[in-house]
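Keep the 3D view open as you read.

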Amino acid sequence: MSSRALRRLKGKQRGQEALDLGDLVPGEGPEPVEQAADVEEEEEELEEAVLQPVKSSIRKAKKNKKNLSNIYELICDAENDAEKATTDEDTVKPEEQNGDESKEKSDSGETEKRDAQPETGAAKSEDKASKKKKKKKKKKNSTGDKQEGAGEDIDALLETIEQSNGLTLQSEGCGASDNRPVLYVEHRNLNPETELKRYFGARAVLGDQRPRQRQRQFHRSTWMTIPKDTWPRFSRPGISMTLLESRDGLQYFTFEHSRDYQQIQFKFLDSVESMDPNNILALLQMNPYHIDSLLQLSDVCRIQEDQEMARDLIERALYSFECAFHPVCSLTSGTSRLDYLRPENRAFYLAVYKHMMFLERRGCPRTALEYCRLILSLDPDSDPLCMLLLIDFLSLRSREYNFLLRLYQDWEVHRNLSQLPNFAFSVALSHFHLSQEDQTESEQRERLKDKADLLLQNALIMFPGVLMPLLDLCTVQPDAAVSSHDFFGPRSQLGQSPALAELMSLYVGRTHTLWREGGVLLWLEECVREVLRRVDTKDPLVEDCQNKRKQRYQSAPLNIHRHVILSEIKEATSTLPLEVTTQSVMGFDPLPPLDSVASYTRPERQSVGASNESTLSLFFRSLLPNFNLQGEPMPQDDLEVAQAGRELNQEVNRLMVAMRDMLANIQFQEPPRDDNPDRDEGEWD
């Protein structure tokens, strides 16, 4: 501890120490030895008072650090090494060392006092005061240097202890003891490069990107995407975010469109109705950051197998959204909400979802899981995209088994997750993988394995229709005793409701790759045999689950249908009900909610009569959708438009007459006959 800190603890400042009259009167006042002893005792008491809390914290940290007898052993390591080089004495504690120094200095002071010549009273007192001042200053400097070094070592030690405790908490935080919210999102996990660096190293991932990033023209810092130099120059597209209200610790936001952006949105809807992607492309060239155009054109590129361009368009849409975020909006806190009922907010949901799926296909399941948590945190109650049907798959792929178990434990009470086929099987699979880890102790491994067996057996009893399609996709031939049994046979699939069939087909089509491992298939075989034994012995759980299947799963909500459409899993899309497949589904807004909250409406287009028209007339109408072929009266307040329409009518009528004449005069020539009598019949024989 420094001398300045000691003065502050004493309540004194520099230059304000109380003067002792003995310092001015010769022959009076405390002796140097007594003064040094008093100062030494005061300093030792202060050091003991200050270092006592540090000692207690060191004792608590002994489980992470080596055992130390006291704090001085660590502080004085460097000092003792220096003393060993100059002296032959053993290393002593700082209290003894300071005491020896004070004794040596006091002895030297007495020797100097005896050797001094007698002088006058004033000169003698002045000389004594100056010597005493120098001696005191020298002692303070030596003691202060040691105390400052000790203080720096103490700070370094405390910092090391805090870091070690932080690492311990971070490692323990991966389990169920984490105090953070279950949907907590970390910024660094939103960047796929973070995951790729763990797999391949920073050099292989970054390459030559660092010098290029310095010259980029984008300066805004974003978390979800990194702007590219190949993108058009960014300008505000007309999207902003507004804070609607704050209630119960939650902030409710919404995106808003400006008037100019609304006009662009109307043009986009016209382009979609034209069924021509070139119209959307032309609109996007004029407005390179229009969200719905980017989403729709991304689907077109993905269908044409241009995955790179499709992913680039989605990233551009996310960058446009993130630049419009409200300053209070936080992606990591889990307290920001976006209402899916508003059309302006749906585009953000879809952009994040499509970006998440691209990351999963790219081989970044941990990053995709982070985006899945982000989507679920925006509206966890209604879950408009039904992310609960996907989060278990991403957790298993990224090997975040503890997170999946914690989510299941926290939400099972109020969300009844065990009644979803994906959670029933994925939770059992998580326990099995945890039991197979090497760092798991033998007793805990057996306990996890037994729990995994019980959970998988209950899942098979509750959802028996999962087994046969799962084995089929895993290219595994089931045993005759299993395929011929009534519980797992064709009857189990015929008697299930369409909603339950949709959920099971979605799970099997998505996660069948996770069950192809050899150890998992052997474990599944053991559990299937045990289930057949329980069924044959009339286990009460079998009848209970059968009654639950009849009473529940009567109809699937709209968010499940929306999730199945976005997933594009053929095993699940084939089970969609007729009322969903018969309606038009737009990629930029699939299955909008029936109770949408629209902030602005699209102006109605003029209705055009299409009765008594020929096929040729409809052909011209498809080329000119705004053209009135029947010559109906135009509005009186727009004479120029009416005149242009009449002129266009006449031109099209002339063209139709010319085409009729051309079709009427078309003559088909007969193939030439072979009338050459001189032809040798045996020529081609």
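## A salt-bridge network

Start with Asp299, Arg302, Lys354 and Glu568, which are joined up in a network of salt bridges. Bear in mind that this is a predicted model.

How accessible are they? Asp299 is buried, with a relative accessible area of 9%. Arg302 also counts as buried, at 19% relative accessibility, because the cut-off for buried is under 20%.

## Other charged pairs

The structure has 22 salt bridges in total. Side chains of opposite charge can pair when their charged atoms come close.

In helix H17 (residues 401–415), look for Asp410 and Arg406, which are 4 residues apart, or about one turn of the helix. They make a salt bridge, and their closest N and O atoms are 3.5 Å apart.

Another pair to click on is Arg188 with Glu186, a salt bridge with 3.2 Å between the closest N and O atoms. Arg188 is partly exposed, with a relative accessible area of 44%. Glu186, on the other hand, counts as buried at 18%.

Which residues form a negative surface patch? They are Glu441, Glu443, Glu446 and Asp450.

Take Glu443 as an example from this group: this residue belongs to helix H19 (residues 442–462). Glu443 has a relative accessible area of 60%, so it is classed as exposed.

## A buried leucine

Now for a position with no exposure: Leu318 is buried, with a relative accessible area of 0%. You'll find Leu318 in helix H13 (residues 307–323).

What does Leu318 touch, leaving aside residues up to four places away in sequence? The contacts are Met224, Thr225, Phe348, Ala351, Val352 and His355. Phe348 is worth a look here: Leu318 and Phe348 are 30 residues apart along the chain, yet their C-alpha atoms are separated by 7.5 Å.

Definitions and conventions. Residues numbered from 1 in each chain as written. Predicted model: local features only at pLDDT ≥ 70, side-chain atom pairs only at ≥ 80, totals over all residues. Heavy atoms only, no water. Patch = residues over 30% accessible without salt bridge, like charges linked within 9 Å, V, L, I, M, F, W, Y side chains within 5 Å. Areas by Shrake-Rupley, 256 points an atom, 1.4 Å probe, with all protein chains shown as cover. Salt bridge = Lys/Arg side-chain N within 4 Å of Asp/Glu carboxyl O. Lys, Arg positive; Asp, Glu negative; His and termini not counted. Charge placed at Lys NZ, Arg CZ, Asp CG, Glu CD. Helix = DSSP H or I, 4+ residues; strand = E, 2+ residues; numbered from the N terminus. Buried < 20%, exposed > 50% of the residue type's maximum accessible area, 1.4 Å probe, protein only. Contact = heavy atoms within 4.5 Å.
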